[in-house]
Amino acid sequence: MDDPLDKPYLDVPGTTVFDADQSRRGYWLNQFCMSLMKADNRERFRRDEAAYLDEWDMTDEQKQAVLDRDMNRMISLGGNIYFLAKIGATDGKSFQQMAASMTGVTEEEYRDMMVAGGRSPDGNRYTHEWDQRDAAAAGEHGS
Amino acid sequence: MNAHISASVYTSHVPAIGVALDLGKTDEPYWQPLFAGYEFSKSWFAEHTPDVVFLVYNDHATAFSLEVIPTFAIGTGARFAVADEGWGPRPVPDVVGHPELAAHIAHSVIRQDFDLTIVNQMDVDHGLTVPLSLMCGQPSEWPCPVIPFAVNVVHYPVPSGRRCLALGQAIRRAIESYPDDLDVQIWGTGGMSHQLQGPRAGLINSEFDRAFLDDLIAAPTELAEKPHVDYVREAGSEGIELVMWLIARGAMADLGGGPPPTVRHRFYHVPASNTAVGHLILEN
């Protein structure tokens, strides 16, 4: 059997696997999201977001990430996409709009990419592939 | 005569498909090719409506928050309401269960060393209702009872492919020991390649998906050895849902010494929103 504690998924770029560590970190952030499944709570959150967030045992960083609607930041702080989607639903956003917001392109560009067959796995399998790409891009800017 | 499994059905369960159906968008150019791929399936299902569907799916932070995270949960209730996932409940009928068969399966499968969580009360989300809509259309009542079987594929580690295939074999033995002549279908849902989160969102891997369909049909035991990281790397972080297809596949006769299944229908399409859509019907 493989080592049950290894995490081979840590070298997949642009991807945060929601494991037990992330879940522990994000427990209250995700439970706050869950509360938005009730219409009353959505209404109270909309009325005063900061006050509603203060009812939850979340870190200041997590609260700020929610206020900023910074999905990538929320994920790095323990959020899971299916929970975070409740914030999107409260804002009237679709999964595709949320996904686009995490990739640094416009909603239209993202939709066009999907219609053209999606993001290819080529060059997107390992973190070193992204590191090399970023280094090359930085090199071009430097010259 | 005891109960038997007549067929297995596999399909993606993308929420946007439910929205397109509910809002009457199925003829729009974006959606038409997708729904065309299910036309055969709807007529096949109308001709082969079973007594019960055993429906393997995952909950998407709907019935299960982070308070309790069961790996395998069987719905033993008489009725399951359609959940409000934040956009309001889908306008589809509630799901009628089959508590007698579900309780029998729970008893048998737990005795075969799979630790199922028994759930008498839960709402069901798009993971369960979108496959029903794709196969049954838009009836005022679903045409047969459904046993919901929820698998954790959200919170890692999720069950391995090997364990899912073996669970399917245990479910087949459980169904075949039920002393009533019921025609049962088992459905595996979710997938195919997709990633909804992070800067790599939008990943699609058609080559992986097509090979998965080939192997699911002809080499399921080998396919079940695929490690989780291969799904994540090749098919996206949410592509891991595909392990659920192995539960349905494990319940087919050939994995209990019977003949290989017949492929009645196969379909693949990109995209539905963020996701590659795959679909198979296998008959025993």
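**Figure 1. Where helices α3 and α5 of chain B meet.** In this predicted model, B:Ser41, B:Lys42 and B:Phe45 of α3(B) touch B:Leu134, B:Met135 and B:Cys136 of α5(B). "Touching" here is contact: two residues whose C-beta atoms, placed from the backbone, lie within 7 Å. Sorted by class, this contact has 4 nonpolar, 1 polar and 1 charged residues. Ala, Val, Leu, Ile, Met, Phe, Trp, Tyr, Cys and Pro count as nonpolar, Asp, Glu, Lys and Arg as charged, and the others, Gly among them, as polar. Helix α3 covers residues 39-47 of chain B and helix α5 covers residues 126-136 of chain B; they pack at about 85°, with axes 7 Å apart. The axes are lines fitted to C-alpha atoms, for helices over the stretch in contact, and angles run from 0 to 180 degrees between N-to-C directions. The two helices, α3(B) and α5(B), are therefore roughly perpendicular (65 to 115 degrees; under 35 is roughly parallel, over 145 roughly antiparallel, and the rest oblique). Helices (H or I, at least four residues) and strands (E, at least two) are DSSP runs, numbered from the N terminus.

A quick note on reading the labels: residues count from 1 along each chain as its sequence is written, while chains are lettered from A and ligands numbered from 1 in the order in which they are written. Local features need pLDDT of at least 70, side-chain atom pairs count only at pLDDT 80 or more, and totals for chains, interfaces and linings use all residues.

**Figure 2. Chain A up against chain B.** Here 43 residues of chain A are in contact with 33 residues of chain B. On the chain A side, α2, α6, α7, α8 and α9 each supply at least two residues. The biggest giver is α7(A), with 7 residues. By class, the chain A side splits into 24 nonpolar, 15 polar and 4 charged. As for chain A itself, its secondary structure is 10 helices and 0 strands.

**Figure 3. Two cis peptide bonds in chain B.** One joins B:Tyr156 and B:Pro157, with omega about -5°, and B:Pro157 sits in the loop between β7 and α6 of chain B. Another joins B:Gly191 and B:Met192, with omega about -5°. You'll find B:Met192 in the loop between β8 and α7 of chain B.

**Figure 4. Two positive phi values in chain B.** B:Ala61, in the loop between β2 and β3 of chain B, has phi near 55°, a positive value in a residue other than glycine. B:Ala61 counts as buried because it has 24 C-beta neighbours inside 10 Å. B:Asp113, in the loop between α4 and β6 of chain B, has phi near 80°, also positive and also not glycine. With 9 C-beta neighbours inside 10 Å, B:Asp113 counts as exposed. The cut-offs: buried is 20 or more other C-beta atoms within 10 Å of a residue's own, exposed is 12 or fewer, and partly exposed is in between, with C-beta atoms placed from the backbone.
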